[in-house]
Amino acid sequence: MKQRRMGRVAIILGVLAVGAAVWWYGSGTGDTTRKADGAYVTKAVDRGSIRRMVSASGSVRPLVTVEIGSQLSGQIAELKADYNDEVKKGQLLARIDPQTFQTKVTQAKAELSVAKAGVDIQKAAIARTKANLKEAERTYRRQKDLRTQGNVSESALDSAETTVETAKADVMSAEAQLRNAQATVTQRQAALAQAEIDLERTEIRSSINGTVIARQVDLGQTVAASLQAPTLFEIAQDLSEIQVEADVDEADIGSVKPGDRVEFTVDAYDGRTFRGTVEQVRLAPTEQSNVVTYTVVISAKNPGRILLPGMTANVDIVTGEKSDVLRVPNDAFRFRPKDAVSTLTNNNSAVAGRLHLLATTLKMSRDQQAALEAKLKALRSSQPSMSADMDTRDRVVMREKLKAGFEKALKDILTAGQWAQYEAQTAEHANIRHAAVWTLTADGKLQQVAVGLGLSDEDHTELVYGLKAGDKVVIREERAGK
C-alpha cells in the first residue's frame, strides 16, 4: 500500500512538473542535450566543507576609551602621568594651579561666618521683641482692670492695646528677618561647597583603570575651559581586550550578523592570525565617493597586549560554514555550451524544488492527490500559453499567478496541519537558490540538470538537490585545435 501511494505521489508530481513547465514556457520546446563536438573537462560532485567569508578592513581600537578633561581654566602646575603609564581609578594625573580657587574657598568661608552671625543677631532680635510683647500685654491687662474700676481713661486703654499689636508685628518682622538670615546661610554654604568643588577639580584624576594612550598638555600650559572641557588625557581601559571597527560594503552587510566568527591580521605581525567575534552591526551608513559601507564592531582578545590602538586590521568575517556537505565546483555555473537550447530555467528549478518538498514531507491521501491533479489541470486550461516573444514583465506576472494559483489549490486540499507543515518547510528552504548545470550522458551528449544550491564560497557551492556524490559536471570545453 505504501509503495502504491508513493507511486501515486510521483505520478501527480510529474503531472505538476510538466504542467508548470508548459505553463511557464508555453510552446517554447527545445532539447536539453547536444552532441559533444569537442573534449569536455569535468569535475565530480564531492563532499567537504564550505566556508563563506566577507572581507573588510578596519582599525584596532581599545574596548573603552575615556577622555579626561578639565572643567576649569588655569595653568598646569603639576603633571603626574605620561604616555603608556598604567593608572588606577582616582589616581592624580595633573594639577591646575589651585591658588585662585583656594582664595575663593577662604572668601566663601568668611561669608558663611558672616551669614551665621546674622542668624544669631536675628535670634536675639526675636527674643527682644517677644519680651517687649509680653511687657505690652501685661500693661494692657492692668489698664483694662483699671478701666473697669473707672480709674483709667478710654484713650489710655486704647494706647495700651496699640502697643500690644505693635509688639506682635515686631515679633513677626524679626522672625521673617531670621528666616532671611537662615536662607543667606544656606546660600553661603552652597557657595562654599561650589568653591570647594572647584578647588577639588584642580586635581585631574583618572576615572577608570587603564593605560594613558594620549597626553594633550604640558607642564606650565594654560588650560582654557570656556565653552567646553578641553581633553587633557586619553585612557584606554584594559588593552588585554580590543575591538576592531571594520567597514563592510553594503553588498556584503546583509550576511553579517552578531556572533559571526572573525579572523584578522595586522601588518605588524605577518603570518599571525587573530580571532574575534562580531559584537554589533551599526545601522548608520557611511557614504564616501558614492560607496556605502556599514561599521561592524568586532571584539577580540589581545594576549600580551601586542595589538596597539590604531593598527589596520585585515578582516575576514565567517558568515556561513558547513562541513561534510555535497559540493559542486563554481566553474560549472560559468560553463555555457555554444548553441545549446534549454527548457530549464531557475524558475522551473524552483518548481521542481517545491514539488520535491511536497513529495518528501506531506503525507497526502489518495483523494487529496486526485483533487490536486484536477485543480492543476483546471488551472492550466484557464490560462493562456506563454509565447517566446512575450515581454519579460508579462512573464513574471504569469509566473506569479501560477504560483498563487498552485498554493491556493494546495491550501484548499490540505488539512490545517499539512498546510502548516508546508509553510514551515517552505520558509526553511526559502534561501535555496535554483540553477542548472551541464553533465554528459552515457553516449557523450550534454545534458542540463536542475539543481538547488545553498551556501557558497570562492571555489564550491553547497548542493541541496539535483545530483549525488561522484556525478560529474562540465566546467569547460576544449575545442579541436586548442
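Visitor: In S10, which residue is the bridge partner of Val 212?

Guide: This is a predicted model, and in it four bridges join S8 to S10, the two strands running antiparallel. Within S10, the residue that forms the bridge with Val 212 is Ile 235.

Visitor: Is strand S8 largely enclosed or largely open to the outside?

Guide: Burial here means a relative accessible area under 20%. Strand S8 covers residues 210-215, and because five of its six residues are buried, the rest of the structure leaves the strand largely enclosed.

Visitor: Which residue in S8 is the bridge partner of Glu 86?

Guide: Strand S5, residues 86-87, pairs with S8 in the antiparallel sense, and the pairing runs over two bridges. The bridge partner that Glu 86 finds in S8 is Thr 211.

Visitor: Which elements give two or more residues to the largest nonpolar core?

Guide: The largest nonpolar core has 30 residues, and those that touch the most other members are Ile 68, Leu 93, Ile 204, Val 212, Leu 232, Phe 233 and Ile 235. Two or more residues of this core come from each of strand S6 (92-96), helix H2 (99-149), helix H3 (154-200) and strand S10 (231-249). A second, separate core has 23 residues, including Val 60, Ile 253, Val 262 and Ala 300.

Visitor: Which strands stand at the edges of the open sheet of four strands?

Guide: The strands of this open sheet follow the order S7-S6-S4-S9, with antiparallel pairing. Three bridges join S6 to S7, and Ala 94 stands opposite Ile 204 in S7. Because each edge strand has a single partner strand, one side of it is left without a neighbour in the sheet, and the two strands in that position are S7 (203-205) and S9 (222-223).

Visitor: How far apart in space are Asp 324 and Ser 49, C-alpha to C-alpha?

Guide: Asp 324 belongs to strand S14, residues 312-329, and it counts as exposed because its relative accessibility is 53%. Leaving aside neighbours within four places in sequence, Asp 324 is in contact with Arg 47, Gly 48 and Ser 49. Although Asp 324 and Ser 49 are 275 residues apart in sequence, their C-alpha to C-alpha separation in space is 5.5 Å.

Terms used. Residues numbered from 1 in each chain as written. Predicted model: local features only at pLDDT ≥ 70, side-chain atom pairs only at ≥ 80, totals over all residues. Heavy atoms only, no water. Core = buried A, V, L, I, M, F, W, Y, C linked by side-chain atoms within 4.5 Å. Buried < 20%, exposed > 50% of the residue type's maximum accessible area, 1.4 Å probe, protein only. Contact = heavy atoms within 4.5 Å. Pairing = 2+ DSSP bridges.
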